[in-house]
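Colleague: I would like to learn to read a model like this one. May I ask you some questions about it?

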Amino acid sequence: MADLEEEHLVENTRINRDSTVRAFEVWCAAQGPPRLAYPCTTATYTAYGLHLIRRGKAGEFKPDSVGQYMSRIYNWWLVDLRPDPSRIKGRTRAWKKTWVQVGGTVDRSAAVTLEYILRIIAAIDKSTNIGKRDAFLAALACSNLHREMELADQLNRRIRVYDIGLLLTTAVSKTDQAGRGSSRFIEDREDLQLVRRARAWRAVLKDLGGAGPDDRLFRALTRGGNLVTYPADRKRGNRMRPGSLNERLQHLAEQAGVPYVDDKKVTSHSWRAGANTDLAEAGVPLAERNIAGRWADGSHTADTVYDRRHGVGKRDPLQQVPLYGSQAKTPRFIPEA
């Protein structure tokens with residue numbers, strides 16, 4: 001199986017796939033008689049999918065989760081060894097339809113829009129090394145619509161600080177696993193103060209000996225504000241786990257008194273969703289938001305998944321229609337009092 005350890009896979013993708021595959025292998029071994037997991041037959045693949053659907057109907061999974069699990073297993077095999085997924089896809093779609101009809105909803109993390117970002121940054125003690133890192137982390141995650149993996153991967157040499165803003169290159173993202181890279185200039189703002197926060201954090205890194213061009217932009221710190229040291233054989237080197245960044249951003253939200261927004265939990269993805277929501281509310285076209293958030297060209301995910309307005313939102317398309325349906329000064333009918 002060593003030849004299947006794809007180096008190009010994003011770490012989170014590989015971790016999720018491996019945990020899903022292990023669960024499938026355990027299930028196959030527990031059947032009587034045991035089933036072959038790799039490669040498996042279409043019958044085995046379908047049986048496992050039905051097993052997950054039964055668990056889902058009992059409340060353990062949602063339809064989209066089952067679809068993701070089966071997709072990970074399907075993509076685990078070499079192309080020539082893959083089973084026919086059509087039957088289990090059909091059963092999952094049928095289940096999702098009935099699930100939605102009885103009130104099923106997909107859980108989404110909260111949208112941490114700019115007003116919440118500023119509250120979170122205001123609650124940070126920016127006189128400490130940890131505070132300088134956290135303030136820049138919170139501001140940058142919002143400004144560049146970052147995924148946690150992208151934040152963990154960022155290197156010092158990929159960010160250039162100017163008086164008027166930052167030039168940032170995201171080398172690899174979920175939609176750019178080939179590593180073509182995406183560069184974006186982010187103009188400084190009076191409210192987020194990206195330039196000042198970037199310079200403050202870079203000064204800390206320089207003092208601590210972590211400002212090398214190939215050093216990670218965000219580093220784990222001890223309580224005393226020094227760089228955490230890791231064993232020499234650590235697979236990630238000095239790179240923070242994406243999950244650690246998620247936990248840190250959640251901590252910052254809780255510290256500011258906003259662990260939930262609109263009854264939804266704040267996660268690292270809340271920064272991405274919040275920034276896109278702000279952009280959508282301001283009327284920024286989808287194509288521009290796709291570029292800013294590194295969504296695939298032509299994708300509608302920014303509108304269908306990451307537009308999470310608080311309350312009723314601010315934009316109502318009907319308001320673009322003139323009152324009474326025309327530009328006439330006098331309505332053709334008398335409206336009710």
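This is a predicted model: local features need pLDDT of at least 70, side-chain atom pairs count only at pLDDT 80 or more; totals for chains, interfaces and linings use all residues.

Colleague: How far apart are the end C-alpha atoms of helix 8?

Modeller: Helices (H or I, at least four residues) and strands (E, at least two) are DSSP runs, numbered from the N terminus. Helix 8 has 15 residues, 194-208. The expected span is 1.5 Å times one less than the number of residues, so helix 8 should span 21 Å. The end atoms agree with that, being apart by 21 Å.

Colleague: Is isoleucine 164 buried or exposed?

Modeller: Isoleucine 164 sits in the loop between strand 1 (159-162) and strand 2 (165-170). Buried means under 20% relative accessible area, exposed over 50%, and partly exposed in between (1.4 Å probe, protein chains only). Isoleucine 164 has 59%, so it is exposed.

Colleague: How many salt bridges are there?

Modeller: A salt bridge is a side-chain nitrogen of Lys or Arg within 4 Å of a carboxyl oxygen of Asp or Glu. By this rule the count is 12.

Colleague: Which residue meets arginine 294 in a salt bridge?

Modeller: The N to O distance of this bridge is 2.9 Å. Arginine 294 lies in the loop between helix 11 (286-293) and helix 12 (301-304), and its partner, 144 residues apart, is in helix 7 (residues 148-153). Arginine 294 is buried, because its relative accessibility is 6%. The partner, buried at 1%, is glutamate 150.

Colleague: Is aspartate 153 buried or partly exposed?

Modeller: Aspartate 153 forms a salt bridge with arginine 239 (2.6 Å, N to O). Arginine 239 is in the loop between helix 8 and helix 9 (242-255) and aspartate 153 in helix 7, so the bridge ties together parts 86 residues apart in sequence. Arginine 239 is buried, at 6% relative accessibility. Aspartate 153 has 22%, so it counts as partly exposed.

Methods:
Residues are numbered from 1 along each chain as its sequence is written. Side-chain values use heavy atoms; hydrogens and water are left out.
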